[in-house]
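Subject: Structure handover

Hello,

Here is the structure for you to look over. My notes on it follow below.

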Amino acid sequence: MQHFTSAHDVPSIDTLVKNALAYKSDPLMDSHIGTGKRIGLLFMNPSMRTRLSTQIAARNLGMDAIVFNIDKEGWALELEDGAVMNGTTVEHIKDAAPVLGSYFDVLCVRSFPTLQDKDADYSEAILSSLKKYTGIPVVSLESATLHPLQSLADVMTISETFTEKRKPKVVLTWAPHIKPLPQCVANSFAEWMNVWDAADFVITHPEGYELGTQYTNGATIEYDRNKALQNADYVYVKNWSSYNDYGKILSTNAGWMPTMTDIDKTNNASVMHCLPVRRNIELSDELLDSANSLVTRQAANRVWAAQAVLAELIKQK
Ligand code: CP
């Protein structure tokens, strides 16, 4: 595995999940493989889970982790090739990236989309420039389009909780929100479900919220939410803004917020969400506080997912 920015970077999702579960059982089993190695964590946006879990994962492997809030503390980066830099940007990413590559063994970055310019966001200019110019493995801590460390923890959570000898039915459902949010978590979960191919996967959302087909890749889209929820084993709840009418909120229908009544339509489904969650907007208190909720387990599993990824990247260096 050269980089970790999408499900398509991973040679075997099952092996990565197995390794993550092994770290969960024995966190310090590889506590020396990272001795003398450093990871850099660049943040252009806020984070709690991703930032802390990745630092803990690095520490468990004996690595040093250095966090840099590059949006607030660094120079404004220019991304455009051939730019005449007479504006607000101070340093070209072509110059910054090799320097970062000389300081670190692995470079991790969080860079959200603007939700203003779909082509620019979906070109993933920051990630692709870092991959091109750092010369070291690059890990996405959530990019403009995907959130692979979250998705790995999500797949791990489904793997460790589903005990029946059949494929689980997993439903990704849109839920309302007061702000336009990126499509990243939903894109990423859909991509991982498709590549993993170990679940019956259904996506449900109001019309207009279709995700990019490069991620949904033939997944069943069911606009009838009640029909989608029938016999679900897992209900993954997430808001996203429109992809086609880019970055727009097209619905605020509170009927799309899952409640315990919705769980009655399912196979007593477990409820998932990446967090942070807006209580009683995206998900009801009663569901989040119920035994059906896996949200804390998902967030806890972020440590083991990150540890499995970092171990794979540094073992092969
Ligand atoms: N789920 C997630 O990525 O959480 P943070 O934004 O707090 O890192």
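I begin with helix α13 (residues 295-315): its 21 residues at 1.5 Å a residue should span 30 Å, and the end C-alpha atoms are 31 Å apart, which agrees. The expected span is 1.5 Å times one less than the number of residues. Helices here are DSSP runs of H or I of at least four residues, strands are runs of E of at least two, and both are numbered from the N terminus.

The model is a predicted one: local features need pLDDT of at least 70, side-chain atom pairs count only at pLDDT 80 or more, and totals for chains, interfaces and linings use all residues. Residues are numbered from 1 along each chain as its sequence is written, and side-chain values use heavy atoms, with hydrogens and water left out.

Helix α13 also bends by about 30° at R302, the bend being the angle between axes fitted to the seven residues ending there and the seven starting there. Of its 21 residues, 16 are buried, so α13 is largely enclosed by the rest of the structure. Buried means under 20% relative accessible area, exposed over 50%, and partly exposed in between, with a 1.4 Å probe and protein chains only.

Next, the sheet. Five strands form an open sheet with parallel pairing, in the order β9-β8-β7-β10-β11. β9 (220-221) and β11 stand at the edges with a single partner strand each, so one side of each is left without a neighbour in the sheet. Two strands count as paired if DSSP finds at least two bridges between them.

Strand β10 (residues 234-238) has five of its five residues buried, so it is largely enclosed by the rest of the structure. Both of its faces are covered: Y234, Y236 and K238 are buried on one side, V235 and V237 on the other. Strand β7 (residues 169-174) runs parallel to β10 and is joined to it by five bridges. Across this pairing, L172 stands opposite Y236, and W174 stands opposite K238. With strand β11 (residues 270-272), β10 pairs in the parallel sense over three bridges; here V235 stands opposite V271.

Some backbone points to check by eye come next. Most residues other than glycine have a negative phi, and most peptide bonds are trans. L115 has a positive phi of about 65° although it is not a glycine. L115 sits in the loop between β5 (106-110) and α5 (118-122) and is buried, at 12% relative accessible area. E142, also not a glycine, has a positive phi near 115°. Its place is the loop between β6 (138-140) and α7 (148-161), and at 9% relative accessibility E142 counts as buried. The peptide bond from L275 to P276 is cis, with omega near 0°; P276 lies in the loop between β11 and α12 (285-288).

Last, the surface. M48, L52 and I56 form a nonpolar patch with about 290 Å² of accessible area together. Patches are made of residues with over 30% relative accessible area and no salt bridge, with like charges joined within 9 Å and nonpolar side chains (Val, Leu, Ile, Met, Phe, Trp, Tyr) within 5 Å. A salt bridge is a side-chain nitrogen of Lys or Arg within 4 Å of a carboxyl oxygen of Asp or Glu. I56 belongs to helix α2 (residues 49-60) and is partly exposed, with a relative accessible area of 42%.

Regards

Notes. Accessible areas come from the Shrake-Rupley method with a 1.4 Å probe; for residues, only the protein chains shown count as cover.
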